[in-house]
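Please look over the model first.

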Amino acid sequence: MRVSTPAPAQVDGQALLARLERLPVSRPHHALLLMGGLGIAFDGMDGALLAYVLPAVTELWHLSSWQTGLLGSSLLIGIMIGALTAGLVGDKIGRRPVMMYALALYCGATAVAAFAPNWQFFFGARVVAGIGAGAEAAIIPAFMAEFVPGRVRGLFVGAIAGFFSFGYLGAALLGRFLIPGHEEGWRIAQLVTSAPVLMLLWWRTGLPESPRWLVQRGRMREADEVITELEARVERATGRTLPPVPSTYGPSAPPASQMRSRTRLAALWRGGFARRTVVLWLLWICTTFAYYGFFIWMPSLLIERGMSMEQSFTSTLLITLAQIPGYYSAAFLSERLGRTRTIALYLAGGALSAGLLAQGGTEARILWCGAFLSYFMNGSYAALYAYSTEVYPTAIRATGAGAASAFGRLGGITAPVAIGVLYPVVGFGGVFALVTGVLAAGATIALAFGLRTTGRTLEELGGSGPVDGCDGIRAEGVHSHP
């Protein structure tokens, strides 16, 4: 039997969210996880492929180190634009349309990049592809966080981020077995990564809008329809009557009025949100600098140390495999240690690995240290994505998470260029000494200034009531939950 729920005319946002929060996690939630996760996986494959394409196009177009580094930053420039734009637009028009348009954009631009006649054209196409990929990466975790109950939110969002690792693995396989063996292999590989545009057919029919966003916009009837359908699917999947709806459910913000993009960005720096924003941006910058500095340049650096392109790509493939347990171990631990402690633990592990890598040694030692660095850096991302979706209320959640991801990409944009310039001066060891310092700084920030979010509902974390003229936005508990 269905548990009776109030008719749409009788419900308010608080009652709707109580119904959503009490649902058992089951197959419908897992289907949403798969839909969003595949989008993340293909984003990751498209972005990671660039590391394997760079040696081929560097040789083809006789590029200097700074030109190769600039190409390495091209995707990050686009991701920064896309992540910020997706957050602002996603808070205004909804999560679902942003996800779909972003997927179409990055697939189309990647296909165009496959036919680049020179490095300048290739740079422009990769920037556009990055806009789509950045939008996807920013909006999908926020979308998933708004469907699942708080008791498993960190695990689910961390699992979504874990799909990046499958994308990276796909890119590594293309890089190892397709690019070195064919003169036009780097072009063919990009055409392969544009194929996920076919997912739009699935998303158009099976992807609902976020009920939390609908409630926040005051579209209660539509939110009720989404939740009612989800309840029916959960009941069919579990074969059991749904739990009763709690009589009380935390704070609930009133529907927000239409806010301009400038107002949403300004809200990130008002009241208690300012501290959250500073911490989040610094964590993103540190993690992204280290990650892209490592993975964009790793194949090229191994070639510089005397490996052939095939040997370099094989080693990078093995290092990439370590990402998978890194993501999912951190997703598991984030529900037990908390998000910020998990972030700090994995960044510290990455700093130690990078420090050992800076000392050089045999190929075997470089491979093991690189694998541990891959494990820890990607684990920190799993917890960071979960944390990013929790520290702002629904009215500015996508804007906040997108802005953090966008400005964090400054680290990723800077890293490939900086390493391209510094490597001839400081060498292999100096590059990884720099990565060590950045990761250690991130671990310190997470431990000292992070906000405890584990097990708390999104409405509790976001608070309720207006602040500074922005309806439905208020930060509570910033200092009481350090």
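Which helix supplies the largest share of the lining of the largest cavity? Helix H2 does, with six residues. Keep in mind that this is a predicted model.

**The largest cavity**
- The whole structure holds four cavities of 30 Å³ or more.
- The largest cavity has a volume of about 270 Å³.
- Its lining is made up of 23 residues.
- Nearest the centre of the largest cavity lie Gly-44, Ala-48, Tyr-168, Tyr-291 and Tyr-292.
- The lining of the largest cavity divides by class into 15 nonpolar, six polar and two charged residues.

**Helices around the largest cavity**
- Seen by helix, at least two lining residues each come from H2 (27–61), H5 (119–145), H6 (153–177) and H12 (273–295).
- H14 (309–321), H15 (323–337) and H17 also each supply at least two residues of this lining.

**Packing of H16 and H17**
- Two packed helices are described by the angle between their axes and the distance between the axes.
- Helix H16 covers residues 339–358, and helix H17 covers residues 363–388.
- The axes of H16 and H17 come within 8 Å and cross at roughly 160°.
- Angles over 145 degrees count as roughly antiparallel, so H16 is roughly antiparallel to H17.
- The crossing of H16 with H17 is left-handed.
- In the contact of H16 with H17, 16 residues are nonpolar, eight are polar and two are charged.

Key: Residues numbered from 1 in each chain as written. Predicted model: local features only at pLDDT ≥ 70, side-chain atom pairs only at ≥ 80, totals over all residues. Heavy atoms only, no water. Axes fitted to C-alpha atoms, helices over the stretch in contact; angles between N-to-C directions. Helix = DSSP H or I, 4+ residues; strand = E, 2+ residues; numbered from the N terminus. Parallel < 35°, antiparallel > 145°, perpendicular 65-115°, else oblique. Left-handed = near helix turned anticlockwise from the far one by under 90°. Nonpolar A, V, L, I, M, F, W, Y, C, P; charged D, E, K, R; others polar. 1 Å grid on protein atoms, 1.4 Å probe; cavity = no way out; pocket = protein on both sides within 12 Å on 5 of 7 lines; lining within 4 Å. Points joined across faces, edges and corners; volume = space filled by probe spheres on them.
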